[in-house]
Amino acid sequence: MSSIPNVAPFFIAKVGDDGTQVDAWPDQPLLASLEQGGVDWPSSCRNGTCRTCIGFLTKGEVRYEIEWPGLSPEEKTEGWVLPCCAYPLTDLHIETSSI
C-alpha cells in the first residue's frame with residue numbers, strides 16, 4: 001500500500017503508441033516505475049539536472065518533490081516532464097522526445 005494517503009495504490013503509465021504500459025507507483029519516481037516495467041527509458045543523473053530522461057506527457061498529471069526539477073514553468077505548462085523526479089498523480093501517457 002502506498003505511503004501517500006488517499007491515493008490509488010498505483011496508476012497506469014502508457015508509453016508511446018505501441019501499447020506498452022506499466023504500473024506507476026505514486027511513492028516512487030516515474031522513471032523507476034518505467035524501468036521496473038521493462039521500459040528502456042533514457043536516463044543519467046536521476047535528479048532532474050541533466051534532462052536526459054525528458055519526456056512529453058500527453059495525458060495525466062505528475063508532481064515533483066523538488067522545487068526546481070530542471071524544467072522551466074513554460075516547459076511544465078507545455079507538458080514536458082522529467083521522469084527521474086516526477087511522481088504520478090493519475091494514469092498517464094508519456095512519450096520520449098528531446099527538445
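# Exercises on a predicted protein model

Phe10 is partly exposed, at a relative accessible area of 34%; this class lies between buried (under 20%) and exposed (over 50%), with a 1.4 Å probe and protein chains only. The model is predicted: local features need pLDDT of at least 70 and side-chain atom pairs pLDDT 80 or more, while totals for chains, interfaces and linings use all residues. Numbering starts from 1 along each chain as its sequence is written, and side-chain values use heavy atoms, without hydrogens and water.

## Exercise A: the elements

State how many helices and strands the protein has, and in what order they run.

*Solution.* Begin with the count: the protein has 2 helices and 7 strands, taken as DSSP runs numbered from the N terminus (helices H or I, at least four residues; strands E, at least two). Next, read from the N terminus: the order is β-β-α-β-β-α-β-β-β. Finally, turn to burial: 37% of the 99 residues count as buried.

Determine the strand order of the open sheet and identify its edges.

*Solution.* First, the order of the 5 strands is 2-1-7-3-5, and the pairing is mixed. Because strand 2 (20–24) and strand 5 (80–81) each have a single partner strand, they stand at the edges, and one side of each lacks a neighbour in the sheet. Pairing here requires at least two bridges found by DSSP.

Second, follow strand 3 (residues 55–59) to its partners. Strand 3 runs antiparallel to strand 5, to which 2 bridges join it. Strand 3 also pairs with strand 7 (residues 92–96) in the antiparallel sense, over 4 bridges.

Gly55 is opposite Val81 in strand 5, and Phe56 is opposite Trp80 in strand 5. In strand 7, Phe56 has Glu95 as its bridge partner.

## Exercise C: the aromatic rings

Describe the 2 aromatic pairs.

*Solution.* The count of aromatic pairs is 2, where rings of Phe, Tyr and Trp (its six-membered ring) pair if their centres lie within 6.5 Å, with planes under 30 degrees apart stacked, over 60 edge-to-face and the rest tilted. Trp25 is partly exposed, at 30% relative accessibility.

The pair of Phe56 and Trp80 is edge-to-face, because the ring planes stand at 70°, with the centres 5.0 Å apart. Here, too, distant parts of the chain are linked: Phe56 in strand 3 and Trp80 in strand 5 are 24 residues apart. Phe56 is partly exposed at 26% relative accessibility, whereas Trp80 is buried at 13%.

## Exercise D: the surroundings of Gln28

Decide whether Gln28 is buried or exposed, and find which residues it touches.

*Solution.* Start with location: Gln28 is in the loop between strand 2 and helix 1 (30–36). Then consider accessibility: a value of 16% means that Gln28 counts as buried. For contacts (heavy atoms within 4.5 Å), Gln28 touches Ser33, Gln36, Ala86, Tyr87 and Pro88, leaving aside residues up to four places away in sequence.
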